[in-house]
Every structure is written in C-alpha cells, then in structure tokens.
Amino acid sequence: MTTAEPKRGALVVISGPSGAGKTSICNELLRRIPNSRWSVSVTTRPRRGTEVDGQAYHFITVAEFERLRAAGELLEWAEYLGNLYGTPRRPVEEALARGEVVIMEIDVQGGAQVARRVPDSIRVFVLPPTMETLKARLAGRHTESAALQAKRLAEADGEIAFARSSGHYQYFITNDILEDSVNEVLRILRERTG
Ligand code: 5GP
C-alpha cells in the first residue's frame, strides 16, 4: 500500500504599498488559517528596534544575500529603497508539498516573479482607502525617520500603477476595515482551493 501524497497547499502573496496594512492582514490570516505558515524573507535592511531576527525576517549581509541568489536558493528577490529582500525557496516548496498554506508579503517586483514561477499562486494587492490614509498610517508607525517615510510614500504610486497594469495580481482589496479585508482574502482562498 502506498501513502497518499497530501494535496498541494496554497501560496498566498500579499503585496501593496508600505502603510496599506499588509502585515496586519497577514498576521490575522496566519491566526485564522489552520495549517498556515509565514514565509520568512531574508533582507539586508537594518533591523528595526522591535524586530527579532528569524521572525518577520532573517537579517543577513549583502554578501550572504548574493550567495543565496547565485546558488538559486531564492524563489524571488527585489531591491526596495536600496535594500535587498528575497524569499528562500526551499521552505516554501516543502510547506506546499506538505499541503500547507504559505503566506508571503513581498513587493510588486517579487510578485511578478512569483506569478511566473508559481502560476497557481493567489496574488492579492492591498490598497489604502486613500493616499491621505496611507500617509497618516506611515506617519503613525514611528519606526522610521520622516525622510524614509517620504521615500516609502513616493514609491506607492508606482507600485499601485505597476500592480494594476502588469496583470500579475488577480485580486485588489481596499483595506479600510481590517476584519473585512481578512474575510475577503479568506473568501478568495476558499474559492480557489475548494
Ligand atoms: P519593509 O522594509 O517595510 O519590511 O519591507 C519593504 C518592502 O519589501 C515591502 O513592500 C515588503 O512587502 C517587501 N518585501 C519584504 N520581504 C520581501 C521579499 O522577500 N521579497 C520581495 N520581493 N519583497 C519583500
């Protein structure tokens, strides 16, 4: 008798401008979806005060990042505001093979690469209700300098335009009320995975 292979899991990609509320949505999805896991990215961005290495990110050097990239160990990668970010490939593939739901928060350049490499992934772009809301949310974070916040805000228009024109995102969600946004992603996941 052979052991049945578990049903392949689902890969959920969440993208959107900084301050749109992606992280809150992801955290809530992880809490509510049994058998779900967070894809821990590697980054060369300096660690913010409250961040713990290995939780949201593995903080690595540029040399380590280059080694991973050259070895083909990244599913996707991108440069955002001068720092490198990437998704280690193996943990994602192994979790999908075990039938788990993998949730990753990556930028639009990474989303485009995942769309090509994992065509059956579920790609969601999170929009702020208004640009004013985005600005206010960024300002309220107190984790970055005003100059960095301005840079992140300046990126937003381009990211939104790219997401809309590229065709790489199948779903757009306006994140006004967190609960509604989370329910919308859960609905999409049910629709896609049956
Ligand atoms: P932050 O510095 O705010 O944590 O992230 C900055 C941007 O990088 C966000 O848009 C975030 O979604 C994106 N990002 C985080 N991890 C990855 C990754 O592994 N790959 C890519 N392409 N983008 C990432």
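I began with the lining of the largest pocket, which by class has twelve nonpolar, 14 polar and twelve charged residues. For the classes, I counted Ala, Val, Leu, Ile, Met, Phe, Trp, Tyr, Cys and Pro as nonpolar, Asp, Glu, Lys and Arg as charged, and the others, Gly among them, as polar.

I noted that this is a predicted model, where local features need pLDDT of at least 70, side-chain atom pairs count only at pLDDT 80 or more, and totals for chains, interfaces and linings use all residues. Residues are numbered from 1 along each chain as its sequence is written, and side-chain values use heavy atoms, with hydrogens and water left out.

**Largest pocket**

I looked up the volume: about 880 Å³. A pocket here is an open set of points on a 1 Å grid over the protein atoms alone, where a 1.4 Å probe fits, with protein on both sides within 12 Å along at least five of seven lines; lining residues have an atom within 4 Å of a point. The volume is the space filled by probe spheres set on the points, which are joined across faces, edges and corners.

I found 38 lining residues, with Lys22, Thr23, Tyr57, Glu105 and Arg141 nearest the centre. Two or more residues each come from helix 1 (22-32), strand 5, strand 6, helix 5 (131-139) and helix 6 (146-166). Helix 1 gives the most, with five residues. Helices (H or I, at least four residues) and strands (E, at least two) are DSSP runs, numbered from the N terminus.

**Ligand**

Where does the ligand sit? I found the ligand in the largest pocket; to sit there, more than half of its atoms must lie within 2 Å of the pocket's grid points. Strand 5 (74-80) and strand 6 (83-88) are the elements that give two or more residues to the shell around the ligand.

I counted 16 residues around the ligand, of which Ser41, Arg45, Tyr57, Glu76 and Tyr85 come nearest. To be near, a residue needs a heavy atom within 4 Å. By class, this shell has five nonpolar, four polar and seven charged residues.

Next I checked polar contacts (pairs of N or O atoms within 3.5 Å). A side-chain N or O atom of aspartate 107 lies 2.7 Å from a ligand nitrogen. Arginine 48 places a polar side-chain atom 3.0 Å from a ligand oxygen. Glutamate 105 has a backbone N or O atom 3.5 Å from a nitrogen of the ligand. The ligand alone exposes 510 Å², and the protein buries 96% of that. These areas come from the Shrake-Rupley method with a 1.4 Å probe.

**Second largest pocket**

I read a volume of about 250 Å³. The lining has 15 residues, with Lys7, Arg8, Gly9, Ala10 and Thr193 nearest the centre. Strand 1 (10-15) and helix 7 (178-193) each give two or more residues to this lining. Helix 7 gives the most, with three.

**Backbone**

Most residues other than glycine have a negative phi. I noted asparagine 35, with a positive phi of about 65°, in the loop between helix 1 and strand 2 (36-38). Leucine 81 also has a positive phi, near 45°, and lies in the loop between strand 5 and strand 6.

Methods
Polar contact = N/O pair within 3.5 Å; in protein donor to acceptor, adjacent residues only side chain to side chain.
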